[in-house]
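Q: Could you walk me through this model, a topic at a time? I'd like the cut-offs spelled out as we go.

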Amino acid sequence: MAALKFAGMDDTDSEDELPPGWEERSTKDGWVYYASHDEMKTQWEHPKTGKKKRCAGDLPYGWEQETDEKGQMIYVDHINKRTTYFDPRQAFTVEDVVLKPKRYDGNTAALEILQGRDFSDKVVLITGGNSGIGLETARSFALHGAHVILACRNLSRASKAASLIQQEWHKARVEAMMCDLASLRSVREFTESYKARKLPLHILVCNAAVCTQPWILTEDGLESTFQICHLGHFLLVQGLEDVLRRSAPARVVVVTSESHRFTDLLDSCAKVDLALLSPQKKEYWSMLAYNRAKLCNILFSNELHRRLSPHGVTANAVHPGNMMYTSIHRSWWLMTFLFSLARPFTKSMYLYGTDFYFTTVNIYCTFNFTIFI
């Protein structure tokens, strides 16, 4: 105690409180160190307890590390438009111990799962990324540094979605490209345009889909639900396969649905009936067509993984949740009405003050982000 008193370290009530002349700082990767202004030295151990500490977790949402004109590290709060030299993570330091992995569940948001991940060297392509799950997925990747490309049939809406994300964070790299899955010609043109840009492709999210829409043939003479939900994506992946291989490790994520369980592709003789995929109008039922397309997604993802995983490209199918509220039902007034009744009991997405808040753990299980760090 005499030594502590002589050093001026007995003046504090808490053992973690720093003695006069000492300051707590942190490194870029979150390790805490201590600086003595009197002795002009730094050390990793707390001057009073001798313990080593590190910041718990990552920078809060909206914060970013930058360097000022003098080369000093500063912290920018983009939400509240303020700058400080104090690391906000220092409010939550822990001793240097191994932490258990965090558990995720159905209430976990995409931004929580991605917290601390750096995707600044990754290119992410998302079909149907201008609304719903696709938009929230694009937003989450973009806010963590990824170069995100929205492949959408409506270029105006896609550009507006990209602009909204860029308004949230000025450094977000988001752009829109035209790709209409209801047109095989459009898909081919998109893949050629993409390859002409010489960009890598690390994550391809096959998200776009339609549901409960009336029987319509595409310009290719195929039933639209089947072509948009499955065949268009099949051709898209096929056209970009060489880019995915060159970008390995890479990943293809096919957003499907548990509704694939409620159908099959077999005829009365237990053989695959290809006529079921693009049925005639008299044999068409919108939900059944959707279920079959989702079953095709599962089969496609499994076979794609079998063929490409030896080349560093993995493929997975993800079910986003039974009670996820999106606008996919907009084509049929009855389904829209039923979804409206069930709205208070569904999981939702919250984004930009509207209904976009992605709350499913499946995005983490499927993307398996640790492969990229």
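Q: How many disulfides does the count come to?
A: The count comes to 0 disulfides, where a disulfide is a pair of cysteine sulfur atoms within 2.5 Å. Please keep in mind that this is a predicted model, in which local features need pLDDT of at least 70 and side-chain atom pairs count only at pLDDT 80 or more, while totals for chains, interfaces and linings use all residues. Side-chain values use heavy atoms, with hydrogens and water left out, and residues are numbered from 1 along each chain as its sequence is written.

Q: Why is Cys152 too far for a bond?
A: The closest cysteine sulfur to that of Cys152 is in Cys179, and it is 8.7 Å away, which is too far for a bond. Cys206 also has its closest cysteine sulfur in Cys179, at 9.9 Å, again too far for a bond.

Q: And is Cys152 buried or exposed?
A: Cys152 is buried, with a relative accessible area of 3%, and Cys206 is buried as well, at 2%. Buried here means under 20% relative accessible area, exposed means over 50%, and partly exposed lies in between, with a 1.4 Å probe and protein chains only.

Q: Switching to rings: how many aromatic pairs turn up?
A: A search of the whole structure finds 4 aromatic pairs. Rings of Phe, Tyr and Trp (its six-membered ring) pair if their centres lie within 6.5 Å, and planes under 30 degrees apart count as stacked, over 60 as edge-to-face and the rest as tilted. One of the pairs is Phe119 with Phe141, whose centres are 5.3 Å apart and whose planes stand at 85°, so this pair is edge-to-face.

Q: Where do Phe119 and Phe141 sit in the chain?
A: They link distant parts of the chain, 22 residues apart, with Phe119 in the loop between helix 2 (110-114) and strand 9 (123-127), and Phe141 in helix 3 (residues 132-142). Helices (H or I, at least four residues) and strands (E, at least two) are DSSP runs numbered from the N terminus. Both Phe119 and Phe141 are buried.

Q: What about Phe190 and Tyr194?
A: Phe190 and Tyr194 form a tilted pair, 6.2 Å centre to centre with 40° between the planes. Both lie in helix 5 (residues 184-196), 4 residues apart, or about one turn of the helix. Phe190 is buried at 2% relative accessible area, and Tyr194 counts as buried at 0%.

Q: At what angle do helix 3 and helix 4 pack?
A: Helix 3 and helix 4 (residues 155-168) pack at about 35°, with their axes 10 Å apart; axes are lines fitted to C-alpha atoms, for helices over the stretch in contact, and angles run from 0 to 180 degrees between N-to-C directions. Leu135, Ala138, Arg139 and Ala142 in helix 3 meet Ala161, Ile165 and Glu168 in helix 4, where contact means heavy atoms within 4.5 Å.

Q: Last topic: in what order do the 3 strands of the open sheet run?
A: The order is 1-2-3, with antiparallel pairing, and two strands pair if DSSP finds at least two bridges between them. The edge strands, each pairing on one side only, are strand 1 (22-26) and strand 3 (41-43).

Q: Which residue stands opposite Trp22?
A: Ser36 in strand 2 stands opposite Trp22. Ser36 is buried, with a relative accessible area of 5%, and touches Gly21, Trp22 and Lys41, not counting residues up to four places away in sequence.
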